[in-house]
Amino acid sequence: MKSYVKKIVVVISMACFTIAAHAELKVANAWVKPTVTGQPVGAAYMQLTSDKNVEIVALSSPVAGKTELHSMSMTGNIMRMKRVDRLQLKAGKLVELKPGGFHIMLMELKHQIKEGETVPISLVTQDEGGNKATVSIKATATAPPESDSDSHMHMHH
């Protein structure tokens, strides 16, 4: 009986350590820009900080058929958007997903994203040892904090 109890304690301890080891990603100020009826794409933004070096290697959301990481850059007055397969997060360094920079594209939207709606997003991270963890985020649909500076620019993929 004592051996059985010891095994249970060891298993529970290991499970707690595993949860703590994967709790390295912190997410703040997660938001999604509301969409209009029939709009096929949306975008999500947030601030990410990790306790250790990790990469975002996959993401998904039940509101979209496809979910991808993108970066934006300016060439003259043309804004270009490019898919990013992985996003590196260095230990202790803030990475901001924001309009005009890195962001999450929600494509093939299943419905209009309305102001105040909560949009679930899952990020899969991988550390230098190859260990993966999934972080669930609840982003709030809200207007951008500042005026939408992209509205007058031409966008190209």
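In which sense do strand β9 and β10 pair, and over how many bridges? The sense is antiparallel, and the bridges number nine.

## Model and conventions

This is a predicted model: local features need pLDDT of at least 70, side-chain atom pairs count only at pLDDT 80 or more, and totals for chains, interfaces and linings use all residues. Residues are numbered from 1 along each chain as its sequence is written, and side-chain values use heavy atoms, with hydrogens and water left out.

Strands (E, at least two residues) are DSSP runs, numbered from the N terminus. Two strands pair if DSSP finds at least two bridges between them.

## The β9–β10 hairpin

Strand β9 spans residues 118-127. β10 covers residues 132-141. The two form a hairpin with four residues between them. Gly130 sits in the turn, with a positive phi of about 90 degrees. Within the pairing, Leu123 stands opposite Val135 in β10.

β10 has two faces. Ala133, Val135, Ile137, Ala139 and Ala141 make up the covered one. Lys132, Thr134, Ser136, Lys138 and Thr140 make up the uncovered one.

Leu59 stands opposite Leu123 in β9. Seven of the 10 residues of β9 are buried, so β9 is largely enclosed by the rest of the structure. Buried means under 20% relative accessible area (1.4 Å probe, protein chains only).

β10 pairs with strand β1 (residues 25-32) in the parallel sense, over two bridges. Here Val32 stands opposite Ala141 in β10.

## Thr35 in the β1–β2 loop

Thr35 lies in the loop between β1 and β2 (41-50). Why does Thr35 count as buried? Because its relative accessibility is 6%.

The side chain of Thr35 reaches the backbone nitrogen of Ile113 at 2.8 Å. Leaving aside neighbours within four places in sequence, Thr35 is in contact (heavy atoms within 4.5 Å) with Val41, Gly42, Leu109, Gln112 and Ile113.

Methods. Buried < 20%, exposed > 50% of the residue type's maximum accessible area, 1.4 Å probe, protein only. Polar contact = N/O pair within 3.5 Å; in protein donor to acceptor, adjacent residues only side chain to side chain.
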